[in-house]
Amino acid sequence: MVFWAGILAAAFFAWLAVKIGFYETWTMLFNIVISIYLSVFLTPVITTMVPAASDTAYGNALTLITVAAGAFLILHGVSYSFLTSRFSIWFPRPIDNVGSGLLGFLAGFLVWSFLTLVILVSPLSQAGFARDIGLRSTVEQSSVPYVAWWCDSVNRVVAADNEHTTQQVISKLLKPAQERSAHKPADRS
């Protein structure tokens, strides 16, 4: 169910992307990828440097979403100010529609995958409704590898040493949520 909701979200992004065009969609996808990369790789650093950021059960989730939103707003503001509002690149209609739709679909599924990862990192993943819809297994099978693939792609370009893969960093982020669920007392009915 979670996977198909992601497909619907991605289709909605694809529809929006066709409306705004290929150039603007490519810029938006780039900003989303960099924001999520920064969020995933900076969250362990921030929670180590600022212990108050990881004191609560929702610390990792809040840090992930805050860094991603802040980075996206900054990147999108800069790219809008200097690129998309000043220049418009014309593409033939078929390339513009198909290309922007494809990029929009990829961006939409990436945003959905990241949001489900944020939920997986939080205690919400241990709630009854999350277990009923199979959130943990679905996210670990489809969303985490998709986010990891995009982040590893960026990591290959920007990192001098690739000693830490995205999967290792995400596992480190998931560890507190898994430990909390292991220490949680059994539900009494």
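What is the handedness of the crossing of H2 and H4? In this predicted model, the crossing is left-handed. The helices involved, and their neighbours, are described below.

The chain holds seven helices and zero strands. From the N terminus on, its elements run α-α-α-α-α-α-α. Of its 189 residues, 41% count as buried.

Helix H1 covers residues 2–20. Its 19 residues should span 27 Å at 1.5 Å a residue, and its end C-alpha atoms are 27 Å apart, so the two values agree. Val 2, Gly 6, Ala 9, Ala 10, Ala 14 and Ala 17 are the buried residues of H1. They lie on the same side of the helix, because they cover an arc of only 150° around the axis. An α-helix has 3.6 residues a turn, so residues three or four places apart point the same way. The face of H1 turned away from the buried side carries exposed residues: Trp 4, Leu 8 and Lys 19. Gly 21 follows H1 and has a positive phi, near 105°.

H1 packs against helix H4, residues 93–121. The axes of H1 and H4 come within 7 Å and cross at roughly 140°. H1 is therefore oblique to H4. This crossing is right-handed. On the H1 side, the contacting residues include Val 2, Phe 3, Ala 5, Gly 6, Ile 7, Ala 9 and Ala 10. Phe 13, Ala 14, Ala 17 and Val 18 of H1 also take part. On the H4 side, the partners include Asn 97, Ser 100, Gly 101, Gly 104 and Phe 105. Gly 108, Phe 109, Trp 112 and Thr 116 are also among them.

Ala 5 is found in H1. Its relative accessible area is 29%, so Ala 5 counts as partly exposed. Ala 5 and Phe 109 are 104 residues apart along the chain, yet their C-alpha atoms are separated by 9.6 Å.

H4 also meets helix H2, which spans residues 22–49. The axes of H2 and H4 come within 9 Å and cross at roughly 20°. H2 is therefore roughly parallel to H4. From H2, the contacts involve Phe 22, Thr 25, Trp 26, Leu 29, Ile 32, Val 33, Ile 36, Ser 39 and Val 40. From H4, they include Ile 95, Asp 96, Gly 99, Ser 100, Leu 103 and Gly 104. Leu 106, Ala 107, Leu 110, Val 111 and Phe 114 complete the H4 set.

Is Ser 39 buried or exposed? Its relative accessibility is 0%, so Ser 39 counts as buried. Ser 39 lies in H2. Leaving out residues up to four places away in sequence, Ser 39 touches Leu 64, Val 67, Ala 68 and Phe 114. Leu 64, Val 67 and Ala 68 are themselves among the buried residues of helix H3.

H3 runs over residues 59–84 and has 26 residues. From its first C-alpha to its last, H3 reaches 35 Å, close to the 38 Å expected at 1.5 Å a residue. Its other buried residues include Gly 59, Asn 60, Ala 61, Thr 63 and Ala 71. Ser 79 and Thr 84 in H3 are buried too.

Terms used: Residues are numbered from 1 along each chain as its sequence is written. This is a predicted model: local features need pLDDT of at least 70, side-chain atom pairs count only at pLDDT 80 or more; totals for chains, interfaces and linings use all residues. Side-chain values use heavy atoms; hydrogens and water are left out. Helices (H or I, at least four residues) and strands (E, at least two) are DSSP runs, numbered from the N terminus. The expected span of a helix is 1.5 Å times one less than its number of residues. Buried means under 20% relative accessible area, exposed over 50%, partly exposed in between (1.4 Å probe, protein chains only). The arc is that of the directions from the helix axis to the C-beta atoms. Contact means heavy atoms within 4.5 Å. Axes are lines fitted to C-alpha atoms, for helices over the stretch in contact, and angles run from 0 to 180 degrees between N-to-C directions. Angles under 35 degrees count as roughly parallel, over 145 as roughly antiparallel, 65 to 115 as roughly perpendicular and the rest as oblique. A crossing is left-handed if the near helix is turned anticlockwise from the far one by less than a right angle, and right-handed if clockwise.
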